[in-house]
Amino acid sequence: MNLPGTRTLRARITLLATVLVAAVSLLLLWLAWTLVRDSLDTVPQMPPGSTVVVDGVQVEASTLAEHLRVHARNRMLLFGSIAFLLVVAAAAILAWTFTSRVLLPLREITGTARRLSVESLGERIGEIRSRDELAELASTFDDMLDRLQAAFDAQRHFVANASHELRTPLSVIRTELDVTLADEAADEAELRRMAGVVRDATERAGQLVNSLLLLARTDGAGLAVREPADLAAVVDRAWQAVRREAGKRGIHATFATAPAPAFGDPALLERIAGNLLENGVRHNVEGGWLEVVTQPGPQWSTLRVRSSGGLVDPATVAELFEPFRRAGVARTARSGAGLGLSIVRAAVQAHGGTVTAEPIVGGGLAVTVHLPVR
């Protein structure tokens, strides 16, 4: 299939090549004409009045010499013009033919791009015969499509999971309302029970929406605020938000929080520590333990949160940083939305740091965060 863009480029290249060949041919023709003229001018002249015999006829030498010069020039112009036209025509035909072969990969790239707009992102250009810049362009185009398809698939997966998570509290609210409204004998106690369930479901939906907004703000985005902070102070503020919940579950917490400088957004740094502590408390076992350590370094400060809990498969640890994944619990569990570690990873990457996790023998998880000090 010849696309309009490639046809236009093909015609322009052919025209350019033809014009260049024509210019060079004209230059060569002019040089040949000059050489012939100079050669004729250097022919020795006969004395005035001399005659020569041509085919039995006496002809004056000067007349014969002029006739030969004119004849040579005319033949040179005739055959030179014929050669010029043949060379230009051959150049145009060859340029049009070879340009078609050279631009074939470009037509494949353009055709694939056009089909992607109406079909899917699954089509690729693949290997092409040439090994030049167009082959590199095709490979780069395929790599870009791979990244786009991965991003679109992740986005569709994220939206599907978010819809599922939001459907659960909404279903709980609707069910409680339908059951209570259908019960004509419902008293104040039943209404209060229903209101409590609805409130809990509403709070869960609100927390999920807030988490989604925070994840959207941090994932792949830069930092709006950059200022010095101390990870030890950040951990202390984050612990105040979960201390009561940890006390209710009988979780024993130990802290080794040395001053550890970090540089970034204080709110996001607190969210990193807060999510790690919340996970350590909410995904822990009754009467479990929690350890929090902060360490300074010359280039990186470290925040490490270890906690007891359920057994975690080492093969699935990396998946815990994906949205709506939880360690050791079902995806539809009520304890959180499964966005905690996703937000941690996005916020750490926004700071230029790294985060890793590893299971603990006997059950539990250890998460380590490295953040730049400046």
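Trainee: Which residues of H8 are the buried ones?
Mentor: In this predicted model, the buried residues of H8 are Gly-340, Leu-341, Ser-342, Ile-343, Val-344, Ala-346, Ala-347, Val-348 and Ala-350.

Trainee: What makes Trp-239 and Phe-255 an aromatic pair, and what is its geometry?
Mentor: The count of such pairs comes to 1. The ring centres of Trp-239 and Phe-255 lie 5.1 Å apart, and the cut-off is 6.5 Å, so the two form a pair. Their planes stand at 65 degrees; an angle over 60 counts as edge-to-face, and that is therefore the name for this pair. The pair links distant parts of the chain, with Trp-239 in helix H6 (residues 231-248) and Phe-255, 16 residues apart from it, in strand E4 (residues 252-257).

Trainee: Is Trp-239 buried or exposed, and how is Phe-255 classed?
Mentor: Trp-239 has 8% relative accessibility. Buried means under 20%, so Trp-239 counts as buried. Phe-255 has a relative accessible area of 35%, a value between the limits of 20% and 50%, so Phe-255 is partly exposed.

Trainee: Which residues touch the most other members of the largest nonpolar core?
Mentor: That core has 34 residues, and those with the most contacts to other members are Ile-272, Leu-276, Leu-277, Leu-290, Leu-303 and Val-369. At least two core residues come from each of H6, helix H7 (266-282), strand E6 (289-295), strand E7 (300-307), H8 and strand E9 (365-372). H6 gives the most, with 7 residues.

Trainee: Which residues does Leu-276 contact, leaving aside neighbours within four places in sequence?
Mentor: Leu-276 is in contact with Leu-303, Val-305, Leu-341, Val-344, Val-367 and Val-369. There is also a second, separate core of 5 residues, including Val-172, Ile-173, Val-198 and Ala-201.

Trainee: Why is the contact between Arg-237 and Glu-270 called a salt bridge?
Mentor: Side chains of opposite charge can pair when their charged atoms come close. The N to O distance between Arg-237 and Glu-270 is 3.3 Å, and the cut-off is 4 Å, so this is a salt bridge. Arg-237 belongs to helix H6 and Glu-270 to helix H7, so the pair ties together parts that are 33 residues apart in sequence. The structure holds 9 salt bridges.

Trainee: What separates Glu-278 and Arg-282 along helix H7?
Mentor: The two residues are 4 residues apart, which is about one helical turn. Their side chains meet in a salt bridge at 3.8 Å, N to O. Both residues also belong to a network of salt bridges with Glu-245 and Arg-271.

Trainee: What does the salt bridge of Arg-306 and Glu-291 tie together?
Mentor: The closest N and O atoms of this salt bridge are 2.9 Å apart. Arg-306 lies in strand E7 and Glu-291 in strand E6, so the pair ties together parts 15 residues apart in sequence.

Trainee: What is the confidence of the model over residues 328-334?
Mentor: There pLDDT stays under 50, and the model has 13 contacts beyond four places in sequence for these residues. The mean pLDDT of the protein chain is 78, with 72% of its residues reaching 70 or more.

Definitions and conventions. Residues are numbered from 1 along each chain as its sequence is written. This is a predicted model: local features need pLDDT of at least 70, side-chain atom pairs count only at pLDDT 80 or more; totals for chains, interfaces and linings use all residues. Side-chain values use heavy atoms; hydrogens and water are left out. Buried means under 20% relative accessible area, exposed over 50%, partly exposed in between (1.4 Å probe, protein chains only). pLDDT is the predictor's confidence in each residue, from 0 to 100. Contact means heavy atoms within 4.5 Å. Rings of Phe, Tyr and Trp (its six-membered ring) pair if their centres lie within 6.5 Å; planes under 30 degrees apart count as stacked, over 60 as edge-to-face and the rest as tilted. A nonpolar core is a set of buried Ala, Val, Leu, Ile, Met, Phe, Trp, Tyr and Cys residues joined through side-chain atoms within 4.5 Å.
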